[in-house]
Amino acid sequence: MSVTVWILGDQLLKEHPALIHAEKARPRDQVVVLMIEGQSQMQRMAYHAKKITLLISAMRHYAEGLRSAGYQVDYRKGVNISQAILAHLKTSHPDNLITMEASSRRGYEFQHNLSANFGVETVILPNTQFLGGQYDPLPGVPVDQPIRQEQYYRKMRQHFHVLMDEQGQPQGGQWNFDQKNRQPLPKKLDIPGIIQFDPDAITQAVMNEVNRNYSVTGDSKNFKLAVTHEGAMLAAEDFFNRRLPNFGTYEDGMRQDETVLFHSMLAVYLNIGLLEPLDLVRTAERAYHDGFVEINNVEGFIRQVIGWREYMYWQYQRLMPGLKQGNYWEAERPLPAFFWNTGESQLNCLDKVIKRVLIWGYTHHIERLMVLSNYCLLTGVNPHQVFEWFSCGFIDAYEWVMVPNVYGMGLFVDGGKVATKPYIASANYINKMSDYCKDCSYDRKKRTGSQACPYNFLYWNFLLKHQEKLADNPRMARMLYNLKFLDQGERAEVQSQAAAYINSLP
Ligand SMILES: Cc1cc2nc3c(=O)[nH]c(=O)nc-3n(C[C@H](O)[C@H](O)[C@H](O)COP(=O)(O)OP(=O)(O)OC[C@H]3O[C@@H](n4cnc5c(N)ncnc54)[C@H](O)[C@@H]3O)c2cc1C
Ligand code: SF4
């Protein structure tokens with residue numbers, strides 16, 4: 001007799017709670033690990049080829065690791081998950097099945113119906129990929145009560161004693177260092193490269209399979225990501241040594257010829273369990289205590305991991321399914337076709353960022369927010385189409401993180417449960433934070449006219465169109481105030497150019 005431990009493809013934890021749980025009651029030779037490469041699940045949308053390559057290769061390496069550690073692994077390929085479970089149960093006849101809670105709603109519901117649908121006694125353990133699985137800083141908050149990231153983040157720092165002094169005060173004397181952070185990148189600043197991993201035989205086979213068998217976005221060519229715990233640790237070390245010292249200072253900066261800048265590019269590994277959040281936070285904290293990194297940079301990074309990442313997961317859990325159903329701005333136009341082709345919008349910033357996504361499956365946070373979703377918000381693209389594009393475009397895209405970021409932060413479809421304001425900006429912001437505008441055929445300074453940057457007339461048009469809704473939000477007061485400097489003629493011009501532009505989009 002045996003027990004089955006079902007390990008999900010995005011839960012490749014070094015110490016998997018379901019394995020630990022199983023081995024408390026059984027010797028290793030009575031534990032069978034089930035892993036399923038569910039092709040139909042991976043083909044639900046045309047996900048990025050590099051993401052599918054990463055997932056499958058990491059799963060196969062993980063299974064190899066388990067076999068070397070003496071586990072029997074039932075690894076099933078190319079099938080639908082329900083069929084794979086049925087086939088496994090028929091051959092293994094386990095006493096019970098142990099698994100860790102899925103991060104997506106769909107997966108969670110599937111797991112909770114395993115007993116009823118497959119007649120197998122099931123143990124579902126809390127998800128340890130998130131600190132929120134161990135501690136909820138705001139239990140029982142009603143769905144309609146807005147909770148801000150800052151509130152959530154401070155409670156997490158206090159509970160896990162991160163960057164806190166003995167008196168319970170934040171180290172460095174304040175909770176955030178925004179005034180030091182978010183600087184534009186100086187022209188002459190050297191940007192360190194990022195560690196790359198040559199594909200081994202397993203990865204190469206997966207790259208070929210993905211190009212052959214999957215209908216995907218982009219391709220697997222030049223795949224250089226880590227696919228094991230050891231590789232992901234090296235990627236984290238590379239970040240801590242070379243980019244963390246400037247992380248906060250330049251976290252909002254953009255450069256047209258650089259993709260990663262001082263970002264970590266660790267979400268890819270965190271989201272499939274190759275790295276774990278608290279390990280990264282403790283390493284960053286140590287770097288500060290050892291005098292290697294200044295507080296603004298380390299706090300900036302820690303805020304992203306136990307602030308934003310955890311907060312988004314928490315919001316996803318409490319606001320679904322409603323979060324995916326909102327459409328606060330009543331935005332209905334289709335996503336312009338150039339999002340799917342290598343970027344032919346003629347807007348230099350947008351084209352370069354779209355290309356980056358289609359080729360690498362990655363672009364950093366500010367480009368996701370202030371170039372891509374800003375454009376979709378200003379042009380009134382239907383939120384579901386934006387969600388689909390982001391889901392297919394990114395190597396770190398998973399439902400739990402994509403939903404609050406796209407619907408909540410990027411598009412504000414919930415009217416403000418996730419974000420405190422809609423993130424809209426004109427060329428002014430993009431120019432301040434990047435070098436895109438100097439090589440663009442549009443004029444960043446013009447508000448209207450044939451050369452005017454579309455972000456400009458679209459921005460003013462958005463403020464005019466949604467004035468009433470925006471007036472309720474104190475964080476929008478300054479932007480709205482500036483409307484009074486536009487006379488009637490200018491307002492009409494902005495609106496007619498925005499309408500013509502939006503109507504002309506492919
Ligand atoms: C429209 C939009 C779509 C996004 N889609 C995704 C997505 O598919 N997958 C994804 O993991 N993140 C997504 N994000 C959040 C964020 O942009 C990415 O986590 C980040 O850019 C990943 O790159 P990085 O690892 O270099 O992050 P860094 O800038 O180095 O940040 C460090 C870590 O903080 C975490 N983090 C920071 N911000 C967020 C956030 N808003 N939500 C969740 N985690 C955060 C990530 O784990 C990240 O690895 C999206 C944001 C927006 C605005
Ligand atoms: S001018 Fe406008 S479209 Fe061109 S790069 Fe600047 S912000 Fe982007």
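Which residue in E2 is the bridge partner of Val5? In E2, Val33 takes that place.

A few ground rules before the points. This is a predicted model, so take it as such: local features need pLDDT of at least 70, side-chain atom pairs count only at pLDDT 80 or more, and totals for chains, interfaces and linings use all residues. Residues are numbered from 1 along each chain as its sequence is written, while chains are lettered from A and ligands numbered from 1 in the order in which they are written.

1. The sheet. Five strands make an open sheet, in the order E3-E2-E1-E4-E5, with parallel pairing. (Strands, E, of at least two residues, and helices, H or I, of at least four, are DSSP runs numbered from the N terminus; two strands pair if DSSP finds at least two bridges between them.) Strand E3 (72-79) and strand E5 (122-125) sit at the edges with a single partner strand each, so one side of each has no neighbour in the sheet. On average, neighbouring strands here are turned by 25 degrees against each other, direction ignored.

2. The pairing in question joins strand E1 (residues 3-6) to strand E2 (residues 31-38), in the parallel sense and over four bridges. Helix H4 (residues 81-92) packs on the sheet, where H4 touches E1, E2 and E3. The direction of H4 makes about 145 degrees with that of E3. (Contact is counted when the C-beta atoms of two residues, placed from the backbone, lie within 7 Å; axes are lines fitted to C-alpha atoms, for helices over the stretch in contact, and angles run from 0 to 180 degrees between N-to-C directions.)

3. H7 on H12. Two packed helices are described by the angle between their axes and the distance between the axes. For H7 and H12, the axes come within 9 Å and cross at roughly 115 degrees. Their crossing is right-handed. (Left-handed applies if the near helix is turned anticlockwise from the far one by less than a right angle, right-handed if clockwise.) H7 brings Gln149, Tyr152, Tyr153, Met156 and Arg157 to the contact, and H12 brings Arg303, Ile306, Gly307, Trp308, Glu310, Tyr311 and Trp314. By class, that contact has seven nonpolar, two polar and three charged residues. (Ala, Val, Leu, Ile, Met, Phe, Trp, Tyr, Cys and Pro count as nonpolar, Asp, Glu, Lys and Arg as charged, and the others, Gly among them, as polar.)

4. H13 on H14. H13 packs with helix H14 (residues 365-379) at an angle of about 110 degrees, the axes being 10 Å apart. That makes H13 roughly perpendicular to H14. (Angles under 35 degrees count as roughly parallel, over 145 as roughly antiparallel, 65 to 115 as roughly perpendicular and the rest as oblique.) The crossing of H13 past H14 is left-handed. Cys349, Leu350 and Val353 of H13 meet Glu367, Val371, Leu372 and Tyr375 of H14; the classes are six nonpolar, no polar and one charged.

5. H15 on H16. Helix H15 (residues 383-393) and helix H16 (residues 399-410) have axes that come within 10 Å and cross at roughly 135 degrees. That makes H15 oblique to H16. Here the crossing is right-handed. From H15, Pro383, Val386, Phe387, Phe390 and Ser391 meet Met402, Val406 and Tyr407 of H16, giving seven nonpolar, one polar and no charged residues.

6. Ligand 1. There are 27 residues around ligand 1, and His263, Ser264, Ala267, Gln304 and His365 come nearest. (A residue is near a molecule or strand if its C-beta atom, placed from the backbone, lies within 6 Å of it.) Helix H10 (267-270), helix H12 (295-319), H14 and H16 each give two or more residues to this shell, and H16 gives the most, with six residues. The shell divides into 15 nonpolar, nine polar and three charged residues.

7. Ligand 2. Leu347, Cys349, Cys437, Cys440 and Cys453 are the closest of the 13 residues that surround ligand 2. Helix H13 (348-360) and helix H17 (427-433) are the elements giving two or more residues, and H17 has the largest share with three residues. By class, the shell has ten nonpolar, two polar and one charged residues.

8. Backbone spots to look at. The Met320 to Pro321 peptide bond is cis, with omega near 5 degrees, and Pro321 lies in the loop between H12 and H13. Leu163 has a positive phi, near 50 degrees, in a residue other than glycine; Leu163 is in the loop between helix H7 (149-159) and helix H8 (201-213).
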